[in-house]
Amino acid sequence: MATAYTVIDEFTPVPVPHRAGEETAVRAEFSLSGALVINDTIDLVTVPAGHAVTDIVLFADDLDTNGAPAITLDVGIKDGDTDAFFAASTVAQAGGAVHPSVKTAFRDVATSADRVVQALVKAAPATSATTGKLGVLVRYMAK
């Protein structure tokens, strides 16, 4: 059964740039406490209202140690375009870091509401890892 995880601390203020045109970077990392399964979600970063994502990096340990790894991750906006930044990324099959794989990642626009950047386990790992980390570095700008 899928589980919804979060690394967002509701008591920590969301960093915002001081002026339009300034960029802010926020990093979030999730440590696995058990095996990931298909449709698990991980809320990673809140992009504040009035800001647009300018760049994002997805990084992960090897979360599928099978000889034919299967895990893929989508990263996008919770309750919106769930693969806006990464569609079926294979970075967690061997570990590493990647920049966006889809053109929509560079067309993000500011909205009037806060948005949550979320990872979704699109395909389950062939061999379930119970340790490891995945995360994002998100850059956003006031519009």
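## Salt bridges

In this predicted model, Arg27 pairs with Glu29 in a salt bridge, with 2.9 Å between the closest N and O atoms. Arg27 is exposed at 54% relative accessible area, while Glu29 comes out as partly exposed at 30%.

Asp108 and Arg115 make another salt bridge, their closest N and O atoms 2.8 Å apart. Here Asp108 is buried, at 17%, and Arg115 is buried too, at 10%. Back with Arg27 and Glu29, shared partners bring in Lys133, and salt bridges join these three residues into one network.

Then there's Lys78 with Asp43, a salt bridge of 2.8 Å from N to O. This one links distant parts of the chain: Lys78 sits in the loop between β5 and β6, Asp43 sits in strand β3, and 35 residues separate them. Lys78 is partly exposed at 32%, but Asp43 is buried at 10%. The whole structure has five salt bridges.

Tyr5 belongs to strand β1 and Phe30 to strand β2, so the pair ties together parts 25 residues apart in sequence. Both Tyr5 and Phe30 are buried.

## The nonpolar core

The largest nonpolar core has 33 residues, and Leu36 and Phe85 touch the most other members. Elements giving two or more residues to this core include β2, β3 and β4, as well as β8 and β9.

How values were computed. Residues are numbered from 1 along each chain as its sequence is written. This is a predicted model: local features need pLDDT of at least 70, side-chain atom pairs count only at pLDDT 80 or more; totals for chains, interfaces and linings use all residues. Side-chain values use heavy atoms; hydrogens and water are left out. Helices (H or I, at least four residues) and strands (E, at least two) are DSSP runs, numbered from the N terminus. Buried means under 20% relative accessible area, exposed over 50%, partly exposed in between (1.4 Å probe, protein chains only). A nonpolar core is a set of buried Ala, Val, Leu, Ile, Met, Phe, Trp, Tyr and Cys residues joined through side-chain atoms within 4.5 Å. A salt bridge is a side-chain nitrogen of Lys or Arg within 4 Å of a carboxyl oxygen of Asp or Glu.
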